[in-house]
Amino acid sequence: MTTPAEAVSPPAHPMGKGTLARQLVVRVTALVALLTIVLGMFTVLASFQILQREVDDRLNAAVGRRLPDGDRIPGDPTGSGVIRIDSIDGVSRTISSVTVPIEAKQQLLAVRAGDPVNVRLEGLGMYRVLAREYPFHTVVALPMSEVTKPLTSQLVMTALLTGAMILVSYLATRRVVEASLRPLNRLTATATQVSNLPLERGEGQVPIRVAPADAQPDSEVGRVGLAFNHMLDNVEGALAARHRSETKVRQFVADASHELRNPLASIRGYAELTRRGEDALPEDAAYALGRIESESDRMSVLVEDLLLLARLDSQPTLDLQPVDVTEILLNAVSDARAADSEHQWSLDLPEDVITAMADPHRLHQVITNLLANARTHTPAGTSVTAALRAEAGSAVISVTDNGPGVAPEIQPTVFERFTRADASRVRQDSGSSTGLGLAIVSAVVKAHGGSVELDSQPGRTVFTLRVPLA
Ligand SMILES: Nc1ncnc2c1ncn2[C@@H]1O[C@H](COP(=O)(O)OP(=O)(O)OP(=O)(O)O)[C@@H](O)[C@H]1O
Ligand SMILES: [Mg+2]
């Protein structure tokens, strides 16, 4: 299960996998890369065409002119690499600054008139060749390196520029995106902080707000920040209202319980007074008197329990002191043994004394409640073991029984007030069960800064308390 905090925690890295920042940077860089590569390819292609046309123009110029013997070919002032073959009546004459192998010459003579063509000449490489038939067969050829050499350097330049542009666009986008998303990340951090606040208890104050700089209505993120702050104001208001009404209810319960104490004491007093003359009472009146006494006793316990819970809710007043838990456990189990001999009571105590920081009276009450449950909610003959150990800075007290277990449907809420199993499950004294015992256990232990948990299935029920060691 994920806790709310996990659910909204920001990514480990602002550019982490799946982040908006990363998506933006990757997409913008990819787009820039695509555009620069296409642009680069177009430039190189255009240059290739221009250079080739230049070569073709030179070829046309060269083929169209008759040259005086030994002269250089026009359009090629350096004369480097240009080949011209004139063939008149089967006799050919070659003008060239490079030596033309016989195979290359044959390849050249095989070219017919038309548009310039590319021919890979044996021993010379790629040449652009143009032929003319009239007045005699003339072939001119220029090396393609005239085109490829400048093109290669242009290609290298374009590639370098493209790479540099992609890199610059990546770095710039990353900077811009990171800077623009920083307020959003701050917002996430604030939301995470809020989600970690313990809002279920107390006055529900939400002391966290998005910083004013991140809550301005002129940007999208700022508007989210503003809305978030409004929401927090609202939540705080609602929590405060809830706290006020809860406090009122608690106060009412505390007052009512307190006010009930006096009339209850009077009822018990009068019952006791009447019992003194019991012999003079008819049998049914004596029975009714017994019921009045036992019910008013039960009601007193209930009122005391309610009062205690109300007090623990508002301001837990505990008389904290170093307490020998072993002794408390020993006393509580002896009391249980004395009260009920139908169960098998045993103790599992450590050699060393374990001292906890606790209110001895309340701790005794908590253990008594658990032992009373093991007594009243399990059949006769059930074994009950109270054990004690020290673990990770806490005194760990457990009460285990091998009875039928806590009804599964009430397990999730068993520590809440007035939670009881279906009356049919309750073995005895069903009338005396109020469902406050475990609520008191939980409230007292929490007031000690400890915890209580239940692990129950048929045949094994364990209540485990943890109270900080002294
Ligand atoms: N050891 C146990 N075995 C089986 N069921 C239990 C055990 N302890 C508690 N329960 C169940 O949990 C319910 C709640 O217990 P809790 O102590 O809060 O109230 P209660 O015992 O019914 O009344 P009270 O303790 O106020 O007199 C009980 O009614 C019972 O159904
Ligand atoms: Mg109980």
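Where is Ala 215 found? Ala 215 is placed in the loop between helix 4 and helix 5, where helices (H or I, at least four residues) and strands (E, at least two) are DSSP runs numbered from the N terminus. The model is predicted, so that local features need pLDDT of at least 70 and side-chain atom pairs count only at pLDDT 80 or more, while totals for chains, interfaces and linings use all residues. Residues are numbered from 1 along each chain as its sequence is written, chains are lettered from A and ligands numbered from 1 in the order in which they are written, and side-chain values use heavy atoms, with hydrogens and water left out.

With a relative accessibility of 9%, Ala 215 is buried (under 20% relative accessible area; exposed is over 50% and partly exposed in between, with a 1.4 Å probe and protein chains only). Ala 215 is in contact (heavy atoms within 4.5 Å) with Val 210, Gly 222, Gly 225, Leu 226 and Asn 229, when residues up to four places away in sequence are not counted. The C-alpha atoms of Ala 215 and Leu 226 are 4.5 Å apart, and the two residues are eleven residues apart in sequence. Pro 217 also belongs to the loop between helix 4 (145–195) and helix 5 (220–276). Under the rule that leaves out residues up to four places away in sequence, Pro 217 touches Arg 223 and Leu 226. A C-alpha separation of 9.4 Å is found between Pro 217 and Ala 227, ten residues apart along the chain.

Two packed helices are described by the angle between their axes and the distance between the axes. The axes of helix 4 and helix 5 come within 10 Å and cross at roughly 15°; axes are lines fitted to C-alpha atoms, for helices over the stretch in contact, and angles run from 0 to 180 degrees between N-to-C directions. Helix 4 and helix 5 are therefore roughly parallel (angles under 35 degrees; over 145 is roughly antiparallel, 65 to 115 roughly perpendicular and the rest oblique). Their crossing is left-handed, a term for a near helix turned anticlockwise from the far one by less than a right angle, with right-handed used if clockwise. Helix 4 contributes Pro 183, Leu 184, Leu 187, Thr 190, Ala 191 and Val 194 to the contact, and helix 5 contributes Val 221, Val 224, Gly 225, Phe 228 and Leu 232. These residues comprise nine nonpolar, two polar and no charged (Ala, Val, Leu, Ile, Met, Phe, Trp, Tyr, Cys and Pro count as nonpolar, Asp, Glu, Lys and Arg as charged, and the others, Gly among them, as polar).

Helix 7 and helix 8 (residues 360–376) pack with their axes 9 Å apart and at an angle of about 40°, and are therefore oblique to each other. Helix 7 passes helix 8 in a right-handed crossing. The residues of this contact divide into eleven nonpolar, three polar and two charged. Among those in helix 7 are Val 325, Ile 328 and Leu 329, and those in helix 8 include Pro 360, Leu 363 and His 364. Thr 326 is also located in helix 7 (residues 325–339). Thr 326 is buried at 14% relative accessibility. Beyond its neighbours within four places in sequence, Thr 326 is in contact with Leu 349, Asp 352, Val 353, Ile 354 and Leu 388.

Ser 398 lies in strand 10 (residues 394–401) and is buried, with a relative accessible area of 9%. The contacts of Ser 398, apart from neighbours within four places in sequence, are Thr 385, Ala 386, Ala 387, Val 462, Phe 463 and Thr 464.

The structure holds one aromatic pair. The ring centres of Phe 415 and Phe 463 are 6.2 Å apart and the planes stand at 90°, so the pair is edge-to-face (rings of Phe, Tyr and Trp, the last by its six-membered ring, pair with centres within 6.5 Å; planes under 30 degrees apart are stacked, over 60 edge-to-face and the rest tilted). Phe 415 lies in the loop between strand 10 and helix 9 (437–447) and Phe 463 in strand 12 (residues 460–468), so the pair ties together parts 48 residues apart in sequence. Phe 415 is partly exposed at 21% relative accessibility, whereas Phe 463 is buried at 6%.

Tyr 134 and Pro 135 are joined by a cis peptide bond, with omega about 0°. Asp 89, not a glycine, has a positive phi of about 50°.
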